[in-house]
Amino acid sequence: MRLSRRGLILGGSAMLAGCASAGGRAPLTTASTVAPVVAPTPAPVVQTVSVTPPPLDPQGHVRKELMERAMAALDVHHRKIPLRDRMYLVDFKKFSGEERLYEVDLVGGDVKVLRTCHGRGSDPSHSGYAERFSNTPDSNMSSVGAYATAGANWGRQQGPNVLLDGLEYSNDKARERAIIIHGADYADPDFLAREGKLGRSYGCFSVAHTDLPGLRERMGEGRLLFAWA
């Protein structure tokens with residue numbers, strides 16, 4: 001078979017064009033996508049500040065043993081005493097004319113001091129000192145131990161008062177005996193100025209009439225009152 005010169009030239013040109021076209025194409029490659037490496041963000045540094053609560057009773061009003069027993073009572077009776085912002089202590093070792101009822105701020109540490117009476121059966125000679133204690137009805141004696149405040153009340157005889165629930169064998173008849181916190185003339189400052197000591201209750205924690213309203217509001221329900229000698 002014969003091919004003309006023209007045919008050879010055209011055929012060769014086509015082949016050259018095809019080779020040039022094929023050679024000019026970019027090579028077909030399959031590249032896998034690689035995710036960039038991101039360094040982990042460091043966790044923020046949290047600085048913890050140690051806060052030391054202020055000391056209880058910085059002025060030393062409360063006898064050490066009384067404070068320690070009261071703090072222990074908070075833990076022992078925690079189910080009956082849910083509120084721990086304040087507590088109330090009574091030191092029956094002290095003379096009735098002295099400030100021996102303490103309102104302890106368990107958050108700020110400060111202590112407010114007031115006066116309170118003891119029962120006539122606890123001080124039969126009216127010396128101003130409580131010498132004996134009882135939980136027996138009609139004994140007219142004060143009772144020691146842990147109480148839970150049970151809220152503000154109003155009675156026909158004593159008027160406004162604060163109810164108490166005794167939490168221990170030494171005072172668990174407090175409701176039966178009507179042992180409460182109430183105002184009394186014989187706990188007022190003018191009685192103390194005249195007699196040199198406070199009068200005696202029938203076992204209640206009597207306080208001055210001027211002290212009762214604020215005390216009644218602050219005591220509320222579910223706080224500790226702890227009396228000891």
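Predicted model: local features only at pLDDT ≥ 70, side-chain atom pairs only at ≥ 80, totals over all residues.
Residues are numbered from 1 along each chain as its sequence is written, and side-chain values use heavy atoms, with hydrogens and water left out.

Helices (H or I, at least four residues) and strands (E, at least two) are DSSP runs, numbered from the N terminus. Five of the six residues of β1 are buried, so the strand is mostly covered; buried means under 20% relative accessible area, exposed over 50%, and partly exposed in between, with a 1.4 Å probe and protein chains only. Two strands pair if DSSP finds at least two bridges between them. β1 pairs with β2 in the antiparallel sense over five bridges, and Tyr88 has Glu103 in β2 as its bridge partner. β1 also pairs with strand β8 (residues 221-228), in the parallel sense and over five bridges. Here the bridge partner of Met87 is Leu224 in β8. In a regular strand the side chains alternate between the two faces of the sheet.

The aromatic rings come next. A pair of aromatic rings is described by the distance of the centres and the angle of the planes. Rings of Phe, Tyr and Trp (its six-membered ring) pair if their centres lie within 6.5 Å; planes under 30 degrees apart count as stacked, over 60 as edge-to-face and the rest as tilted. By this rule there are five aromatic pairs. One of them is Phe92 with Phe205, a stacked pair at 6.0 Å centre to centre with 15° between the planes. This pair links distant parts of the chain, 113 residues apart: Phe92 is in the loop between β1 (86-91) and β2 (101-105), and Phe205 is in strand β7 (residues 205-207). Phe92 counts as buried because its relative accessibility is 1%, and Phe205 is likewise buried, with a relative accessible area of 3%. Phe205 also pairs with Tyr147: the ring centres are 5.5 Å apart and the planes stand at 90°, so this pair is edge-to-face. Again distant parts of the chain are linked, since Tyr147 lies in strand β4 (residues 145-155) and Phe205 in strand β7, 58 residues apart. Tyr147 is buried, with a relative accessible area of 0%. Ring pairs join Phe92, Phe133, Tyr147 and Phe205 into a cluster.

Charged side chains complete the picture. A salt bridge is a side-chain nitrogen of Lys or Arg within 4 Å of a carboxyl oxygen of Asp or Glu. The whole structure holds ten salt bridges. In one of them, Arg218 meets Glu103, with the closest N and O atoms 2.6 Å apart. Arg218 in helix α5 (residues 212-219) and Glu103 in strand β2 are 115 residues apart, so this pair links distant parts of the chain. Arg218 counts as partly exposed because its relative accessibility is 24%, whereas Glu103, at 10%, counts as buried. Glu103 is also the bridge partner of Tyr88.

Another salt bridge joins Glu65 and Arg63 (3.1 Å, N to O). Glu65 is partly exposed at 33% relative accessibility, and Arg63 is partly exposed with a relative accessible area of 21%. Arg63, Glu65, Arg69 and Asp91 are linked in a network of salt bridges.
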